[in-house]
Structure formats: structure tokens, C-alpha cells
Amino acid sequence: MKKTLTLLLALLMLIPPLASCSETTVEEKPADEGLAPAAVEEAETVETEPETTKVSDDLEDVKFDGRIYTVLYRDEAEHLREIDADELTGDIINDAIFTRTQEIEERFGMELARLPVSEGNLNNTFTNSVSAGDRSFDIAFQHMILTASLAAGGVTMNWYDMPHLNFEKPWWTSSVKELTVNDIMYVTASDYCLNTFEMAWCLIFNKQMMENLGISTTPYDLVQENSWTLDAYYAMVQNVSNDSNGDGEMTDADTYGINSYGSPWLASISNYWWACGETISRFDDNGMPYFAMDSEKTQIVFEKMYALLVDDNISYWDQTQGKNMIFWQDQALFASMMIRDVEVNRDKDLGYGLVPYPKYDEQQEQYLNLVDGHASVMALPVTLSEEDRDFVGTMIEAFSAATFNDILPAYYNTAMQTKFAQDETMPLMLDLIREGRVFNFGYVYDTTINRDILVNLITSKSTELASKVASVKKPTEKYYERVTKTFGD
């Protein structure tokens, strides 16, 4: 069941068919209040404030008498801003984060404290604190893939033992379902983990190039028609690449259908598979995870991926950071990016649009997007007392709700202020991507066997998927047996 996000801008009222496609709820206007097509162009030039409906966190406004709430996190700027901001700077997102802290501190009579450590030392800091019983922090935000060893070490608390957390609220992600075994969940993510939105994957497209190529039905049209599929995407990019400089070789000086994000963010490749609804693990009727990559559909999707990313020079793998991709030089029709790259590149002059990765087919219910493993998830020390849990649970729910109600609208507003700001569809595409974020037990806990099978095959230009999957099935099943013992019998 999708959660409803009521954060769309007033301009989205102009495109009700798209809203219905994403199942996003917006307030309907009487027919005579709608804008006629001729008025759309004029409306796009008018500054419009976001219309938001805040969802209550249902928390009592209790005072905690100056109690300190300490967050352990990775000492990098992109992770700091999940937690707090140092000062008001005029940046929309930064200021919303700063204000969130001030308002929660005032509301609950508490104080936020930070405990930054390097990514490589965070697990040791967590474990040593629990072992010593020193209660140096209340919650930890850690790299998604690195949290599995914390759970295996017996130092993390079951999230279902925490009060005040309402997992039915719209700020809680599908990680609640996907990372629970035997009613135990050692790590999870809400919108408080802003990285899980910023590090979801998307595709951007060059509007002018699309027009020059005579492509009249755009990706936006296909999303609206529920026809944005892997086959439709292939049809759009298959004949774009050309030897622009005529030197007889395809290099970074030429033009491509796809500019695929390169090392180290190779999830840009595997996300085609995740977006088609395939996954490393699924749950059986008893709620236990099992290896699920040995499916006929995985083979079909892999073959389509190979055609897109390896065959016929359709794709160029850019071994650079996002700001230097050849897409920005008008050399690719599409590029794969994380949402954070849209914000980083908002100063670009090139006009582009943004869509989710395509579905497998029109019967697929939702656009799905892998949350990159570098994103943060939350873990709690098992040493939290009952009194601690009352306080910490209140803080987590309050910060999660405020992120949903205040930070995400700021993010959407920032998207509307880029140099492609006249594209009123952008917030809705961001909404579709947020709604479709993928978490998976196998991706988090199966850290060495299967996470990069498809990526490694594609990058090595190998088609031996069936034999590879067959070779890892038994080791994976044995590994899952060991892992799930952590979650009880």
C-alpha cells in the first residue's frame, strides 16, 4: 500500500492525470476554477507558495527538562544535514533543517547534541559504547550496508520495543516491512534519514536533444500514460549514439543515448533491475527471507539491461562525479543520477527533465527506485532503558514527522527554483521516486555474495547470469539460515 504524500505545489493542479497515476492525493478544485491551457504559460511565471497539509505526529507536548538527545553519525556534510544545520544561510533546505531543530528543542524542552565519527569507526564506537554501558549516544545513523554487522553483534535494539513510533505514518519507509523478521527489526529508516531520498536513483533527459531528434512523446507523457517501461526507454535511446567527431571511435567526445553514472556509484546500473520489481530476497509464507534471484524474469530483465548498457554503444559509462558527466555537454539524451545530483547541478544551463527509472511493463503497480547502500539507516543501542526509550522514541517520531512536513517541501521547492524551474512536473516526479524507494533484506544483510552480481556481469561484459546465480544459490541459503538466527527461531 502506498503512502500518500500531500506536499505537492499548487501548480500540480494543472496536471491531474499525472497525479492520479502516482496515487498522490491533492485537493480537487471545482471545474470552473481550473486553468485553461492558454493560462498555463502565464501561470508558470508566477511565484507560487507550496500548499501543504501537515500530518500530526500525535505526540504529547511533554517537557524533558533540558535533557540532551545525542545522535551518532558519519562525519561528512551530506550526513550532518540529516541531523542538524549550524546556522541560517538563506539556503532553503539548510534553513528548514536548522528551524526543525529549534522548534523541536523548544517544543520538548530538550537539546540536540552531535557525536560525529568517521564512517569506518562508527560501528566500533557503537559497539564499544554498548559494551561499556556508557550511554554516549541515543541513536546512530550509519551506512546502510554497514549496519548488518551491528545487528549480528547483538548490540542493537528491536525497533518494535520502542514507544511512540507509529509505523503507519507516512514518514516511515518500506524498510519497516522489508527489514523485519520474526517481528524483530534491528535497523530501519524514516524520512528522518534524508539520505534515503537524496540517494534514490532517477533518470534525467535533455529536453532540447529530445526535440531535435523529433521525439514528440516525452518521458513525462509516457509516465502520464502509464507507458514508461523498459521497452519504451530502449526504443527512445537505441538509435541516438553517433560518432560526433567522425574519428571512427566511440569516446567521451561523442554522443550517446545514455550517460550511465560510473564508479563508484554502480547502483546506477543495477537499479534497472530493481526498478522492474526484481530483488535479491523475498519472504516466504512464514515471513522468512529466501534467495529470489533465480527467477525467469531476472534473466529477461538482465538481457534488456545488457542491450541498453553494453550493446551498440548506446551507453557511455562516465567515470567521473555527477557534475562532470558528458550529459552536461549535450552529449547524451539520458543520464542516471541520484536525487542529490539534481540539487548539486541546479546551476546548469541545460534544460532537462527528471523521471523515475522505467517499469518492467504497464501491469507493474509502482515506479521503484533503489536507495543506494551509502544512504543512512538508523540503529538503536540495546542499552536504552525504559526511561531512555520514552525520550528517544519521542525524539525519533518528532524529527521524522518534521522532516516529512517541513524538509521535504523545502526540497521540492528547491527543485522548482532550478534553471529548469518552469517544469511544473518536477515535484510530482520527485514524489513518485520517494514513494517507490526500495529497501531489501538481501541488499542490507547479504553484503558479500549477491549484491553486485548483475553489476559485475554488465561491467565485465559477461552474459553468464544463469550459471552465476546457480553457483551462489546454496551458499546464500546457508548464509540466510545463519543470519536469521539473529532474529530468533
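The side chains of Lys304 and Asp231 meet in a salt bridge, at 2.6 Å from N to O. By salt bridge we mean a side-chain nitrogen of Lys or Arg within 4 Å of a carboxyl oxygen of Asp or Glu. Lys304 sits in helix 13 (residues 296-309) and Asp231 in helix 11 (residues 230-237), so this pair ties together parts that are 73 residues apart in sequence. Helices (H or I, at least four residues) and strands (E, at least two) are DSSP runs, counted from the N terminus. Lys304 is partly exposed at 24% relative accessibility, and Asp231 is partly exposed too, with a relative accessible area of 44%. As for cut-offs, buried is under 20% relative accessible area, exposed is over 50%, and partly exposed is in between (1.4 Å probe, protein chains only).

Before going on, keep in mind that this is a predicted model, where local features need pLDDT of at least 70 and side-chain atom pairs count only at pLDDT 80 or more, while totals for chains, interfaces and linings use all residues. Residues are numbered from 1 along each chain as its sequence is written, and side-chain values use heavy atoms, with hydrogens and water left out.

Back to the charges: the structure holds 20 salt bridges. One of them joins the side chains of Arg67 and Glu387, at 3.8 Å from N to O. Arg67 belongs to strand 1 and Glu387 to helix 15 (residues 386-415), so here the link is between parts 320 residues apart in sequence. Arg67 is partly exposed at 21% relative accessibility, whereas Glu387 is exposed, with a relative accessible area of 59%. Another salt bridge brings together the side chains of Arg135 and Asp138, at 2.7 Å from N to O. Arg135 is partly exposed, with a relative accessible area of 25%, but Asp138 is buried at 5% relative accessibility. And how do these residues fit together? Arg67, Arg135, Asp138, Glu387 and Asp388 are linked in a network of salt bridges.

Now take a look at helix 5. It covers residues 119-132, 14 residues in total, and reaches 21 Å from its first C-alpha to its last, close to the 20 Å expected at 1.5 Å a residue. That expected span is 1.5 Å times one less than the number of residues. Which residues of helix 5 are buried? They are Leu122, Asn123, Phe126, Ser129 and Val130. These residues cover an arc of only 135° around the axis, which puts them on the same side of helix 5; the arc is that of the directions from the helix axis to the C-beta atoms. An α-helix has 3.6 residues a turn, so residues three or four places apart point the same way.

The buried residues of helix 5 pack against strand 1 (67-74), strand 2 (110-117), strand 3 (139-143), helix 6 (148-152) and strand 13 (376-379). The face turned away from that buried side carries the exposed residues Gly120, Ser131 and Ala132. Just after helix 5, Gly133 takes a positive phi of about 65°.

Finally, a word on confidence. The mean pLDDT (the predictor's confidence in each residue, from 0 to 100) is 85 for the protein, and 85% of its residues reach 70 or more. Confidence is highest in strand 1, at 98, and lowest in helix 1 (residues 16-22), at a mean of 30. Over residues 1-50 the pLDDT is below 50, and beyond near neighbours in sequence this stretch has 81 contacts in the model, a contact being heavy atoms within 4.5 Å.
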